[in-house]
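Subject: Structure handover, with notes on helix packing

Hi there,

Here is the structure I promised to pass on to you. My notes on the helices follow below it.

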Amino acid sequence: MAKNKQSSNELFSVRTVVAIGIGTAIIFILKRWVSIPTGFPNTNIDTSYGFLGFMSVLFGPVAGFIMGFLGHALNDFTQYGTPWWTWVFTTGLVGGVIGLFWKRLDVSKGDFGKKKLIGYNVVSGLTNLIAWAAIAPTLDVLVYSEPANKVYIQGLISAVSNIISGAVIGSILLAAYAASRTRSGSLKKED
């Protein structure tokens, strides 16, 4: 099987399904109660994107998409009464795209050195930049006929804050997780 493809066993394992449920709940909680208003309408510094990046690297693109999509949808349902589907989809897309690199950034063997740290931050940063500065605002204009100047400013603010959240929170979580794992080949048999 190709290196970056999720096998059906990994895709639907009990571990992954449970992770999707827990990840969705934590993303909802972070979006709902641990975000900081920016002063620009409906735009927050959102701590959930660092956690979403972390979970996407651990569980892959399908789990990343589902966690992002459902966590954002639940937040919008409870906070606004209805989801803003263009941004809900974009959050899922961010989780899915970062998750595409789960095998390359594999931290389960205790390895999250400088090369993987930089790789994660490049992937997370570019994904958030494209998603929030281009995709979400363009979808807002096309789907909801929102004024372009407003949604592109919201998108740029979100892109910057989500890049920072991914870089700081995501990197810390990945480094901590990797440090808790036994490095491959680090155990030696005593004589």
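Let me begin with a kink: helix α7 bends by about 25° at Gly170. Please keep in mind throughout that this is a predicted model.

How does the span of α7 compare with what 1.5 Å a residue would give? The helix covers residues 148-180, and its 33 residues should span 48 Å; the C-alpha atoms at its ends are 46 Å apart, which agrees.

Now to how the helices pack. Two packed helices are described by the angle between their axes and the distance between the axes, and I have used that pair of values for each case below.

**α6 and α7**
The partner of α7 here is helix α6 (residues 114-144); the two axes cross at roughly 160° and come within 8 Å. Since angles over 145 degrees count as roughly antiparallel, that makes α6 roughly antiparallel to α7. The crossing of α6 past α7 is right-handed. In their contact there are 16 nonpolar residues, eleven polar ones and one that is charged.

**α4 and α5**
Helix α4 (residues 61-80) and helix α5 (residues 85-99) have axes that cross at roughly 155° and come within 7 Å. By that angle, α4 is roughly antiparallel to α5. Here too the crossing is right-handed, with α4 passing α5. On the α4 side, the contact is made by Pro61, Gly64, Phe65, Gly68, Phe69, His72, Ala73, Asp76 and Phe77. From α5 come Trp85, Trp87, Val88, Phe89, Thr91, Gly92, Leu93, Gly95, Gly96 and Gly99. Sorted by class, the contact of α4 with α5 holds ten nonpolar residues, eight polar and one charged.

**α2 and α3**
Which way do α2 and α3 run relative to each other? Helix α2 (residues 14-33) packs against helix α3 (residues 48-59) at an angle of about 170°, and their axes are 9 Å apart. They are therefore roughly antiparallel. Arg15, Thr16, Ala19, Gly23, Ile26, Ile27, Leu30 and Lys31 are the α2 residues in this contact, and they meet Ser48, Tyr49, Phe51, Leu52, Met55 and Phe59 of α3. The contact of α2 with α3 is made up of nine nonpolar, three polar and two charged residues.

A remark on reading those lists: an α-helix has 3.6 residues a turn, so residues three or four places apart point the same way.

Best wishes

Technical notes:
Residues are numbered from 1 along each chain as its sequence is written. This is a predicted model: local features need pLDDT of at least 70, side-chain atom pairs count only at pLDDT 80 or more; totals for chains, interfaces and linings use all residues. Side-chain values use heavy atoms; hydrogens and water are left out. Helices (H or I, at least four residues) and strands (E, at least two) are DSSP runs, numbered from the N terminus. The expected span of a helix is 1.5 Å times one less than its number of residues. The bend at a residue is the angle between axes fitted to the seven residues ending there and the seven starting there. Axes are lines fitted to C-alpha atoms, for helices over the stretch in contact, and angles run from 0 to 180 degrees between N-to-C directions. Angles under 35 degrees count as roughly parallel, over 145 as roughly antiparallel, 65 to 115 as roughly perpendicular and the rest as oblique. Contact means heavy atoms within 4.5 Å. Ala, Val, Leu, Ile, Met, Phe, Trp, Tyr, Cys and Pro count as nonpolar, Asp, Glu, Lys and Arg as charged, and the others, Gly among them, as polar. A crossing is left-handed if the near helix is turned anticlockwise from the far one by less than a right angle, and right-handed if clockwise.
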